[in-house]
Amino acid sequence: MSILEVKDLTVTFPGGVQAVRGVSYEVERGEVLGIVGESGSGKSVTSLAIMGLLQQNSVVSGSVKLHGQELIGMKEDELVKVRGKSISMIFQDPLSAFTPVYTIGDQIAEAVRIHQKVNKDKAAKRAVELLDLVGIPHPDVRAKAFPHEFSGGMRQRAMIAMAIANDPDLLICDEPTTALDVTIQAQVLEVLKTAQQETGAGIVMITHDLGVIAGMADRVLVMYAGKPVEQGSVDDIYYRPRMPYTMGLLASIPRIDGEEGALVPIEGNPPSPASLPPGCPFAPRCPMKVDMCDEQEPPLVPSGAGRHVACIRAQEIEHKGLTGADVFPVPVIPPSDVVRVPRAERPTVLELDSMIRHYPLMKGAVFKRRVGTVHAVDGISFDIAEGETLALVGESGCGKTTTLQQIMQLAPPQGGRVVVLGKDSSTMDAATRKALRKDLQIVFQDPMAALDPRMPVGDIIAEPLRAHGRKDVEARVAELLELVGLAPEYAERYPQQFSGGQRQRIGIARALALEPKLIVLDEPVSALDVSIQAGVINLLEELKNTLGLSYLFVAHDLAVVRHLADRVAVMYLGKIAEIGTVQSVYDHPAHPYTQALLSAIPLPDPELERNRKRILLEGDLPSPADPPSGCRFRTRCPKFARLSADEQRRCVDEEPSIARLASAVDHGAACHYAEEVEVITASDDQEEK
Amino acid sequence: MRSKVVLRRLFRNNQARYGFVALVALVLVAYVGPYIGKYDWTEKDFMAFLSAPSADHWWGTTSIGQDLYAVTLRGMQKSILIGLMVALISTGLAAIVGAFAGYFGGWVDRVLMWGVELLLVLPSFLLIAIISPRLKSGNWLWFVVLLAAFSWMITSRVVRSMTMSLREREYVQAALYMGIPRWKIIFRHIVPNMSSLLIIDATLNVSSAIIGEAALSFFGFGIQPPDVSLGTLIATGSDNATGYPWLFVFPAGLLVLLVLSVNLIGDGLRDALDPGSNS
């Protein structure tokens, strides 16, 4: 029997904007339903409507039945009895989901006491049990901690503990791991699976990450422009999609096990809910569009066992067995001329030699005194040859951003050397520095924050040109806009009139304005939707090849890195753990951290995900103010645990330096006991061999 | 490109257009109006004390027989100039001092904020009282400078704290990495992003300068009789507002119109600068 039955749910916001236009689904006991869609597709609004958490002035119609009991139109005082008891929700941002002034234990106990008649002590004890269940070490001590004393991953676990406090029948998880690092994400997803086994609840998992859905969900609902466009079992959706949008979405994601070549982008942008196109909302972006698509919006009709598709050409797709790569035009990216020259003969554009960046840790309001040192970057070395992309990957707090800032500032580092295009930053004068800025540009992560909201786009792109005294600025601006795939007429618009992907293109145009030789990319696609992301990645690749650029690419998304980078450096706690060509690092990672990182990334492939063996890391990143002695990774290292006491001593006492591995030309790892292992496609069967 | 876009948006904005028309009309009235009237502002009609508006004295007369129409327009000439100039100078000063202090931090911040705090604790009224007699012979423009010099400090503190948060934005960093000098970043990226606050501050300053000038004049500084300003007229007229309403209504009405037109222009400018507004 199904726990939750949603029928024709619509949500209309004031002003007549329909954010959700008829969503129907059922969730059964112990089942995981994944809802995927891009931002603005109405997936979060749907779940808020089910919980009755939308603003007062939005109109909700349709039917939501929990155990046959209608929730829409239920009185607020009735609804609070259901909320948190039968349905629980896990939010994206665990910091804002907790009250900062109460301890975690109190807040979980409160959730228990609201719905169960137990006394305070019992509730507190239950809170500790719950924290133990979600894998928080020393739960009795940690229960007395405040939310800010928890790390992001621990907060999300505590959130899960709170959600399952009353044995709910249904858990709604709204992007539960989006704000977390991959290794933490793997931990949290594991906890979520445990929580489900423990309570037997149904889960509605809302996310944009197709990898997470592949590993978690039994059934998938794909949403587009406020409507489900395809629904079916996870295998059907991933292996036999029948709606062009789903096909495009699956084809556009970069994969860590994927091959090289251009990604398949979906052209255009999702429509705004205020002005939907007539007929099928996906038609303007659909390569399979026929005239009939514009006439009427296709309804979601059953197609085979347990499947629903909203596309008039679904039959045809099924017959011909089409996939996203067949249907969507695959862009052709011209090859680069530079790479024909062997790497050793190419000039080096950027060289870092044991660069150090420490921050003092100060205390005291009136008399500040130094109480410690944050070892943000602790001696890293790498170099980038012309026409090459080096990716710097690692989790938050590993020192990626500090490294990048140190390079961009062109100031003398605290220790070591930074050499940009053959010029050492510690010995350059102001004029050289300014001239060098022409050749060194940056693209920021958040395309909205990086563009001055009060400046027309034309001025934004012209700014570096004017700063370096270029003539003929307007013609160059038009040329640049065209280069990144925007119309030159857009120059008079403000940044906010553009979508995220377009804004990032503007940021790229600005970086290209002075024809730089090296561009630093700070997570350039992580703020974008999947279908948009592919287009921007392709653009970056194309620009690199046609203009002979070199990139320093900072990212946490290893799948994107595999696609874009030639070489990769994995950072952990201010040090490089492993460095080498993308092929060797991804296929034969030698450092235990890289192995864990790669194995933590969910693959958009349900079959593989089910059998995959994960290397789960314990705990969180240690504080860079107090890094462990010897090897910095040893506190979380799965390999360290398996070593003998003698071998362990070496890890504790001696800091490993990067040693070249014998098997590859360009591959090194900073581990005393490095051994190459294949992890991306590792499954349980392999383990037994 | 920005100035072109902003100007076009400004002229397309109805509020701004009405405001401009009203302000230009008021300036015309103030400077051309006296030639149309029958009396000069220095003349006194001893046949009509405190007479109500009539065909002869359009806006009535004062207690010493001055034609209120001529006197009010004379006063407005001064007040428009004082109001607009004080507002521009004080808001401009607030923006520059606050933005530099907030952006550079360190000793620049400390020195500038020390100055701000000094000016805040000094009784400005007393200072003006001490300084203005020495300037009596001089130009009334000195008076504008004095009024402006004591009305910008609080705004500059607000500007400073806003700058400190704007400084961390990525687009400011991006400009720095492009090799743009810091003072240019302040004028190009930081001040425009505070324009809403600055415009509101400037429009408020217009009316408070006109009224503030009246208060000082009342104590014998600034505009001295027989010369008049809108502020002094309102101050004297308000005493008799119930018995002889025209003494109060006409100067006060003109002040309201003046402030209204400035506000309309300010709103229009704010909309024109703010890409988020659709008007």
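1. Strand 4 of chain A pairs with strand 5 (residues 69-70) of chain A in the antiparallel sense, over 2 bridges. Two strands count as paired if DSSP finds at least two bridges between them. Helices (H or I, at least four residues) and strands (E, at least two) are DSSP runs, numbered from the N terminus. A:K65 stands opposite A:E70 in strand 5 of chain A. The two strands form a hairpin with 2 residues between them. In the turn, A:H67 has a positive phi of about 50°.

2. A note on the basis. This is a predicted model, in which local features need pLDDT of at least 70 and side-chain atom pairs count only at pLDDT 80 or more, while totals for chains, interfaces and linings use all residues. Residues are numbered from 1 along each chain as its sequence is written, chains are lettered from A and ligands numbered from 1 in the order in which they are written, and side-chain values use heavy atoms, with hydrogens and water left out.

3. Strand 4 (residues 59-66) of chain A also has strand 1 (residues 2-13) of chain A as an antiparallel partner, joined by 7 bridges. Here A:T12 stands opposite A:V59.

4. Next, the sheet of 8 strands in chain A. The sheet is open, with mixed pairing and the order 18-19-20-15-21-22-24-23. Its edge strands are strand 18 (440-443) and strand 23 (659-660) of chain A, each pairing on one side only. Inside that order, strand 21 (residues 567-572) and strand 22 (residues 575-581) of chain A run antiparallel over 6 bridges. A:A569 stands opposite A:I579 in strand 22 of chain A.

5. Two helices of chain A deserve a look against this sheet. Helix 14 (residues 400-409) of chain A packs on the sheet and touches strand 15 (389-393), strand 18, strand 19 (518-522), strand 20 (550-555) and strand 21 of chain A. Its direction makes about 145° with that of strand 18 of chain A. Helix 18 (residues 500-512) of chain A packs there too, touching strand 18 and strand 19 of chain A, at about 175° to the direction of strand 18. Contact means heavy atoms within 4.5 Å. Axes are lines fitted to C-alpha atoms, for helices over the stretch in contact, and angles run from 0 to 180 degrees between N-to-C directions.

6. A sheet of 4 strands in chain A is open and antiparallel, in the order 14-13-16-17. Strand 14 (369-385) and strand 17 (423-424) of chain A are at the edges with a single partner strand each, so one side of each has no neighbour in the sheet. Strand 13 (residues 348-363) and strand 14 of chain A are joined by 13 bridges and run antiparallel. A:E351 has A:D383 in strand 14 of chain A as its bridge partner. Helix 14 of chain A packs on this sheet, touching strand 13, strand 14 and strand 16 (415-420) of chain A. Its direction makes about 115° with that of strand 13 of chain A.

7. Chain B has 12 helices and 0 strands. Its C-alpha atoms fill a box of roughly 75 × 45 × 30 Å, taken along the principal axes.

8. Now the interface. 28 residues of chain B are in contact with 29 residues of chain A. The area buried between the chains (accessible area, 1.4 Å probe, lost on being put together, summed over both) is about 2600 Å². Carbon and sulfur atoms give 55% of that area. B:M1, B:Y177 and B:M178 supply 32% of the area that chain B buries against chain A, more than any other three residues.

9. There are 4 salt bridges between chain B and chain A. The term means a side-chain nitrogen of Lys or Arg within 4 Å of a carboxyl oxygen of Asp or Glu. A:R454 and B:D274 form a salt bridge through their side chains (3.7 Å, N to O). Helix 8 (170-177) of chain B is among the helices that supply at least two residues of the side touching chain A. Helix 8 of chain B gives the most to that side, with 7 residues.

Conventions
Buried area is the accessible area (1.4 Å probe) that two parts lose on being put together, summed over both.
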